[in-house]
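Have the sequence and the 3D view ready, and we'll go through it question by question.

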Amino acid sequence: MKEEIEIPPDHPRAESLKIREKLIMNYRIGIVVPQGLIAHGRGEAFDYLIGERTIRPAFKAITTAAAAILLAKHPVISVNGNSSALAAKELVELANMTGSKIEVNLFYRSLEREMAIEKALIEAGAKEVLGVGNRASAMIPELSSERRKVDVRGIYSADLVLLSLEDGDRTEALRKMGKNVIAIDINPLSRTARYASITIVDNIVRALPLLIDEVQRLRFKSEKELWRIIRRFDNEKNLGDCIRFMAKRLMEIKKRNLLYPEALERFLKI
Ligand code: PTJ
């Protein structure tokens, strides 16, 4: 059986298919778990609902997230199988430019996976990767999943954690520990999205390059200006705006009778 599928560049869904291939390749090398492929499918469905582009409320969350990372004293970027597969290079770039630590934190934890992800991050330019093996010796209280195991020098002592593509329990527990959490989650209804301090409702593949640009743009602003950006942001309202955007878009498709392929195609390009 042929393992690598060549995606025709003129295929209307070439980008999305290439991302699937990336995940499958990372599944074969032991970075992504089969459950991660299912999680990606749920993400794709939400991406459809927003038109596969970054929506206005997400831009606002990205600007606020950039300000929060720049203000943090001890920011940590938490990486799992899916985020490593989709954005190892961008996660490392963001960490290097903000002085954030990078830590592996997995729901389906095994030493082999931790080491495979560490290798991918080092290859992407990471200087140090926390949370691998017995380096994850501290515990997040009130959390029973494997995600509770964290590095004392990383997530355990962080004042801000950036995480993506995960279930909500840890976000809730991290908030209870008094940490700020930035979540990249394309599903505004998820527990992660609702518990985070700042939720970026966008595909990680689009959100991270935009976040890197925003950090670049804001890096020489004063603390006062950065705080002003943060004070203007309300996560609950922002999530409401994302849900309203999705609902409005679906109503528009229905109202304008855009269900025929060409009409829908034109609408998506607006
Ligand atoms: O690598 P591990 O062991 O830590 O396991 C990772 C998975 C993803 C299997 C685990 O964390 C999991 O089961 O996650 P959930 O509960 O399915 O949540 C994943 C969330 O990420 C869902 O809300 C998805 O909609 C969202 N999501 C999926 N793909 C993307 C995404 N958000 C942003 N960008 C995506 N590409």
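Q: In which sense, left-handed or right-handed, does α3 pass α9?
A: The crossing of α3 with α9 is left-handed. That word applies if the near helix is turned anticlockwise from the far one by less than a right angle, while clockwise would be right-handed. A quick note on the source: this is a predicted model, where local features need pLDDT of at least 70, side-chain atom pairs count only at pLDDT 80 or more, and totals for chains, interfaces and linings use all residues. Residues are numbered from 1 along each chain as its sequence is written, and side-chain values use heavy atoms, with hydrogens and water left out.

Q: What makes α3 and α9 oblique to each other?
A: Their axes, of α3 (residues 56-71) and α9 (residues 223-231), come within 9 Å and cross at roughly 135°. Axes here are lines fitted to C-alpha atoms, for helices over the stretch in contact, and angles run from 0 to 180 degrees between N-to-C directions. Under 35 degrees counts as roughly parallel, over 145 as roughly antiparallel, 65 to 115 as roughly perpendicular, and the rest as oblique. So α3 and α9 are oblique. The helices themselves are DSSP runs (H or I, at least four residues; strands are E, at least two), numbered from the N terminus.

Q: Which residues of α3 and α9 meet?
A: On the α3 side they are Thr63, Thr64, Ala67, Ala68, Leu70 and Leu71, and on the α9 side Glu223, Leu226, Trp227, Ile229 and Ile230. Contact means heavy atoms within 4.5 Å. By type, the contact of α3 with α9 has eight nonpolar residues, two polar and one charged. Nonpolar covers Ala, Val, Leu, Ile, Met, Phe, Trp, Tyr, Cys and Pro; charged covers Asp, Glu, Lys and Arg; the others, Gly among them, are polar.

Q: What makes Arg170 buried or exposed?
A: Its relative accessible area is 0%. Buried means under 20%, exposed over 50%, and partly exposed in between (1.4 Å probe, protein chains only). So Arg170 is buried, and Glu166, at 10%, is buried too.

Q: Why does Glu15 count as exposed?
A: Glu15 has 53% relative accessibility, so it is exposed. Its salt-bridge partner Lys18, with closest N and O atoms 3.2 Å away, is partly exposed at 42%.

Q: Why are Glu172 and Lys176 separated by about one helical turn?
A: Because they are four residues apart in helix α6 (residues 169-176). Salt bridges that share partners join Glu142, Asp169, Glu172, Lys176 and Arg191 into one network.

Notes. A salt bridge is a side-chain nitrogen of Lys or Arg within 4 Å of a carboxyl oxygen of Asp or Glu.
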